[in-house]
Amino acid sequence: MEEVIFGSGIMQLLIALILVTTFMILGSTRLYSCVRAFGIQSFLLACVASVVGFSTGKYDLYIIAFLTLVLKAVVIPYIFIYIIREIKVKREIELYVGISPSLIIGGMLVVIAYYLIRSIDVITGLSSFALSASMSLVSIGLFIMISRKKAIMQMLGILIMENGLFLVAISLTNGMPLLVELGIFFDVLIGVLIMGILIFRINKTFETIDTDKLKTLIG
Amino acid sequence: MLSQIGISVIQVIVILALAPLLSGIINKIKAFFQIRKGPGIFQPYYDLAKLMRKDSVVSENVSWIFHAAPIISFAAMLTAGLIIPIFISGMPFGFAGDIIAVVYLLALARFFTALASLDAGSSFGGMGGSREMFVASMVEPALMLSIFAVALNVGSTNLGYISQTVSNAGLSAVSPYHLLAFVAMFIIAIAETGRIPVDNPSTHLELTMIHEAMILEYSGKQLAIVELGAMIKQLLIYALLANIFFPWGIAQSISAAGITVALIVFVIKIVVLGAMMAMVETQTAKWRLFRLPDLLSVSLMLSFLALVSFIIVKGG
């Protein structure tokens with residue numbers, strides 16, 4: 001059953017596109033294009049959810065897809081853009097690791113994710129492509145969190161990780177119970193709001209959201 | 001045998017005839033996006049005809065390389081044109097080389113243009129040559145990798161065979177690695193044809209120019225040959241994009257009807273690609289030279305991902 005869904009052409013294309021958007025985030029130096037790429041990624045995730053819903057006949061997946069679309073592809077990017085506008089943050093991303101090295105590390109993470117997934121015997125029935133893509137989303141999200149200086153990018157990194165986990169959940173279980181998913185959505189939304197407020201506070205206290213400068217003591 | 005020769009001749013004529021038209025169409029579409037009227041689509045023909053009537057002014061200090069380079073690059077481009085499928089998948093010269101030969105023919109042309117740019121000893125020429133090689137060092141591996149991702153799936157590096165197999169597979173050929181390789185190849189096409197994030201084709205005497213800086217010393221007939229060579233290269237890169245990644249409609253056997261349809265489909269495909277390119281060019285600003293590795297490593301990474309996802313999907 002799962003093999004049919006995740007081995008199908010549309011599914012593989014969607015997952016490949018999700019990987020492409022992840023590399024768009026890794027490869028761009030502008031905050032707005034990162035946020036846009038994240039919006040596209042979430043839209044593609046919503047497509048994945050609805051394709052799974054269509055082929056398994058579980059209709060609550062449509063609700064999940066709709067919520068993903070509204071929350072992650074519209075509301076959260078809007079919150080990002082609001083934060084960027086309000087605190088007039090410089091549009092360029094500052095990085096610890098340059099763009100080209102980050103892309104190479106991203107590619108390596110995909111390969112590592114693939115080998116990790118392959119060594120798990122339990123899931124041989126599933127498409128390893130969906131799982132290794134989601135594993136690499138989680139690890140690339142983590143990498144974005146540690147390699148970017150702006151607090152906004154760390155927020156984006158954790159959301160990419162969340163998207164990866166969503167993909168894991170949907171590709172392992174064909175959709176978790178609606179109640180669990182709703183809980184996760186609520187969690188993510190509140191998380192984003194709290195992180196947004198935190199970024200405002202950081203900006204107010206330090207007059208920058210560059211996490212590199214948080215080491216300076218302020219009395 | 002005779003029809004085979006005929007096909008080759010038609011292919012060369014089509015390449016020569018369409019190459020300036022493609023440039024004209026792209027310029028027109030670009031003008032449309034920028035709300036200008038823009039020159040007519042036949043303007044490149046007039047320009048070439050005008051240049052052909054003029055004499056060349058050549059520096060006294062140049063060696064034979066300066067005179068040979070335009071002809072060598074032009075010949076290399078046309079030879080590559082015989083190996084790349086344009087309207088028929090079983091090209092008569094398909095046996096003569098595969099994608100590796102095409103990449104090396106493009107490299108040969110580039111090498112001689114860069115040499116010629118150094119030959120006259122002008123500082124602009126040297127700058128252009130070194131930049132061109134800098135870009136090429138990242139474009140070439142990405143170009144090979146992205147086509148290898150498709151070639152691995154088909155099981156051959158022969159371009160005609162690849163396009164025939166993909167064409168026969170129909171929509172089922174569209175797979176993650178196909179898509180990733182296409183995106184990678186599109187970025188390469190921008191770099192190879194000297195379009196805006198990488199190079200600005202519509203500028204002279206700007207410090208950021210790459211291709212224009214290399215050919216600054218040329219004039220008259222030699223310039224016409226160099227320009228036509230660059231246009232042919234652009235057409236060939238588009239033909240690679242069109243006939244490797246979506247070759248549907250390409251003629252598979254020699255028949256007048258099939259070839260006519262294939263030619264029309266080919267023109268539509270390259271015009272669509274040209275419109276995409278014009279859109280990219282209008283929407284982006286020229287990148288700083290030292291940021292180019294970032295763009296090109298995106299392309300390299302995508303073609304690498306294409307290979308990895310091929311292994312995951314097929315071997316997993």
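The largest nonpolar core of this predicted model holds 158 residues, and those touching the most other members are A:Ile152, B:Leu180, B:Ala184, B:Leu235, B:Tyr238, B:Leu241 and B:Leu302. Helix 9 of chain B, running over residues 220-245, puts in the largest share of this core, with 18 residues.

Next comes the meeting of the two chains. Here 22 residues of chain A are in contact with 20 residues of chain B. Sorted by class, the side of chain A that touches chain B is made up of 13 nonpolar, eight polar and one charged residues.

Helix 3 of chain B, residues 64-83, makes a handy check on helix geometry. At 1.5 Å a residue, its 20 residues should span 28 Å, and the end C-alpha atoms sit 29 Å apart, so the two values agree. The buried residues of helix 3 of chain B are B:Phe66, B:Ala69, B:Pro70, B:Ser73, B:Ala76, B:Met77, B:Ala80, B:Gly81 and B:Ile83. What do they pack against? Their partners in chain B are helix 1 (2-33), helix 4 (99-119), helix 6 (159-169) and helix 9.

Definitions and conventions
Residues numbered from 1 in each chain as written. Chains lettered and ligands numbered in written order. Predicted model: local features only at pLDDT ≥ 70, side-chain atom pairs only at ≥ 80, totals over all residues. Core = buried A, V, L, I, M, F, W, Y, C linked by C-beta atoms within 7 Å. Buried ≥ 20, exposed ≤ 12 C-beta atoms within 10 Å, placed from the backbone. Helix = DSSP H or I, 4+ residues; strand = E, 2+ residues; numbered from the N terminus. Contact = placed C-beta atoms within 7 Å. Nonpolar A, V, L, I, M, F, W, Y, C, P; charged D, E, K, R; others polar. Expected span 1.5 Å × (residues − 1).
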